[in-house]
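Hello,

Here is the structure I promised to pass on to you. Please open it first, and then read my notes alongside it.

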Number of protein chains: 2
Amino acid sequence: MLLDREQELRDRHGISFRITGIATRSLGCIANPSGLDPNSYVERAPSPANGRKSDRELTSVRDWLSAAQADILFEATSLNVETGQPAIDHIRAALEHGAHAITANKGPIVHAYRELRDLAAAKGKRFLFESTVMDGVPIFSFFHEMPTIHLQGFHGILNSTTNVILSEMEKGLSFDEALKKAQQLGIAETDATHDIDGWDAAVKTAALVTVLMDMPVKLEDIAREGIRDLTTNALRNGRRDGWPFKLVCRAQRVGDGVRASVVPEKVLSTSPMGKISGASSYIYFETDIFPGLAITEENPGVYATAYGMLADFVRAVSK
Amino acid sequence: MLLDREQELRDRHGISFRITGIATRSLGCIANPSGLDPNSYVERAPSPANGRKSDRELTSVRDWLSAAQADILFEATSLNVETGQPAIDHIRAALEHGAHAITANKGPIVHAYRELRDLAAAKGKRFLFESTVMDGVPIFSFFHEMPTIHLQGFHGILNSTTNVILSEMEKGLSFDEALKKAQQLGIAETDATHDIDGWDAAVKTAALVTVLMDMPVKLEDIAREGIRDLTTNALRNGRRDGWPFKLVCRAQRVGDGVRASVVPEKVLSTSPMGKISGASSYIYFETDIFPGLAITEENPGVYATAYGMLADFVRAVSK
């Protein structure tokens, strides 16, 4: 996507860039401050052809960031629900190195938001994470554009895998068949436990509460129930009766705190949540100025999450 | 609203302000660079008690802005569909004076967007207008947060007055009774011609096309049809059959141009547009990254439009 939009970034935003480092589990850490051709590393066996150093030499992310002379880190490791690692260390290293840190990983927000936000501020850099919730739809930026507004609560459907599984089971598929279908569609990962047990949705809920309500919430304080106990029959009957099941995220201010949950609920089929199918997602915000402000994302393209990181890149270097 | 949120603007955004000028048709132009108490001018007969100069002396907006030593102009005149005046002159005067210009008036966007945008850029000031479409929901800012995205088209319901009238007529009221009800609710103005004949919706459509698709469009190029010809019977039958009428705004890229319309349409009652009632509004954007991205604003509070101007104020002085 960076390469696809290189011309437009230059013409419309005055931004030019070089990719000076690539680090993956299979390639190791590769750096070359004069630029790497990412295409030569995609869908290929490890072969750090034009990179200066291989993983044998660059063992730490800090060394790699230095060798790459990085101004921006795009962090895209997978979610560790319990610790938020290694993403937190990567982001910390980037900010301390003096680079903006952009992540698609929700873990750091739930486990280290305030620390990383404050570190970024102290370093005059940005810590951005627009790809973590609702793909790349600029939810956090949307709220950033609403100064002094008070968010009282929200509800929505934020996990695609479970939404696809529930839709397929309504049509008669077993849980295992529906999961397989979601995997074939490229929506569910091989290990979909995080989705099915509601962890992914709970982490997103926690991220929204932490950032938009400025209230750090622990995952264990979110009432969480996955979709494992829903049977094909129950789902088929729910849809038939006009009250399909959805895995619904909710948060509400209560006194000085917040009450949050991720639980399967029966919703009216003609309601906005009842109409969210497949990989679409939905969120409804209650604020003091706008009593109901909802965003619906229908069938995001495959580039939606990558796009969120690209948009964060523009935000980071433009402001 | 400025006074209500004064403390919060200071604490959360480091913004303090003085109101140094007030200009209305009844009060004339009042200015005092050391500050005016707006409360003493609200719901009162003209009496420029603590203002230095009255309308007799400050005959031009330029003189008034100078006397007030204005850094920001909040422009809130009413819409002139044909010319966009006097708002254009006010905004031009503010930018030339060296003040940011914030408007709730759609006319200047349709009639002078590029000139005012370029003038603002040349002066290093902001020309902001978030209150012009969907009350104060940050629609323009939302797109500003999606760099390099391509908007292919949109559709939605953007005029509250006609939406309230259509809803009331579905219940059996005559057009005149429904209009009266909308006026009693404070949604329709005394002269609701602009709403009823689709001008308000057309100007909003033109504003979105001009700014978000970067394609200035003339009002006469928007196919426009109001709601005058819809009868109570037709509306009642439409609702009964599950296909209510809505005044729908549409725009679509076609070749190098854009096709735009504001026309009453029958929409499925369970579709998102079919469910927009009363003063709520809705917009659905088609983009290259997000095939369908929709924003719903339900029952905006009375302060929603004022809030849009407040948010523009924070944007103007924060960046």
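**Helix pairs, and what else turned up**

The helices α6(B) and α7(B) cross in a right-handed sense (a crossing is right-handed if the near helix is turned clockwise from the far one by less than a right angle, and left-handed if anticlockwise). Helix α6 covers residues 160-170 of chain B and helix α7 residues 175-184 of chain B; their axes lie 8 Å apart and the angle is about 130 degrees. Axes here are lines fitted to C-alpha atoms, for helices over the stretch in contact, with angles from 0 to 180 degrees between N-to-C directions. Helices (H or I, at least four residues) and strands (E, at least two) are DSSP runs, numbered from the N terminus. The angle therefore makes α6(B) and α7(B) oblique to each other (under 35 degrees counts as roughly parallel, over 145 as roughly antiparallel, 65 to 115 as roughly perpendicular, and the rest as oblique).

On the α6(B) side, B:Val164, B:Ile165, B:Glu168 and B:Met169 meet B:Phe175, B:Ala178, B:Leu179, B:Lys181 and B:Ala182 of α7(B), where contact means heavy atoms within 4.5 Å. Sorted by class, this contact has seven nonpolar residues, no polar ones and two charged ones. Ala, Val, Leu, Ile, Met, Phe, Trp, Tyr, Cys and Pro count as nonpolar, Asp, Glu, Lys and Arg as charged, and the others, Gly among them, as polar.

Before going further, a word on the model. It is a predicted one, in which local features need pLDDT of at least 70 and side-chain atom pairs count only at pLDDT 80 or more, while totals for chains, interfaces and linings use all residues. Residues are numbered from 1 along each chain as its sequence is written, chains are lettered from A and ligands numbered from 1 in the order in which they are written, and side-chain values use heavy atoms, leaving out hydrogens and water. Chain A has a mean pLDDT of 93, with 95% of its residues at 70 or more (pLDDT is the predictor's confidence in each residue, from 0 to 100). The scores are ipTM 0.93 and pTM 0.93.

Chain B has another helix pair to look at. Helix α4 (residues 107-123) and helix α9 (residues 199-212) of chain B have axes that come within 8 Å and cross at roughly 20 degrees, so α4(B) and α9(B) are roughly parallel to each other. Their crossing is left-handed. From α4(B), B:Ile109, B:Val110 and B:Tyr113 take part, and from α9(B), B:Val203, B:Ala206, B:Ala207, B:Thr210 and B:Val211. That contact has seven nonpolar residues, one polar and no charged.

In chain A, the axes of helix α6 (residues 160-170) and helix α10 (residues 232-240) come within 8 Å and cross at roughly 80 degrees. That makes α6(A) roughly perpendicular to α10(A). A:Leu166, A:Met169 and A:Glu170 of α6(A) touch A:Thr232, A:Leu235, A:Arg236 and A:Arg239 of α10(A), which gives three nonpolar, one polar and three charged residues.

How many salt bridges does the structure hold? Over all chains there are 38, a salt bridge being a side-chain nitrogen of Lys or Arg within 4 Å of a carboxyl oxygen of Asp or Glu. One of them pairs B:Asp288 with A:Arg5, at 2.7 Å from N to O. B:Asp288 sits in the loop between β10 (281-287) and β11 (292-298) of chain B and A:Arg5 in the segment before α1 (6-13) of chain A, so the pair joins two chains.

Some backbone details are worth a look too. A cis peptide bond links A:Gln85 to A:Pro86, with omega about 0 degrees, and A:Pro86 is in the loop between β3 (72-75) and α3 (87-97) of chain A. In chain B, the bond from B:Gln85 to B:Pro86 is cis, with omega near 0 degrees. A:Asn299 is not a glycine, yet has a positive phi of about 40 degrees.

Happy browsing!
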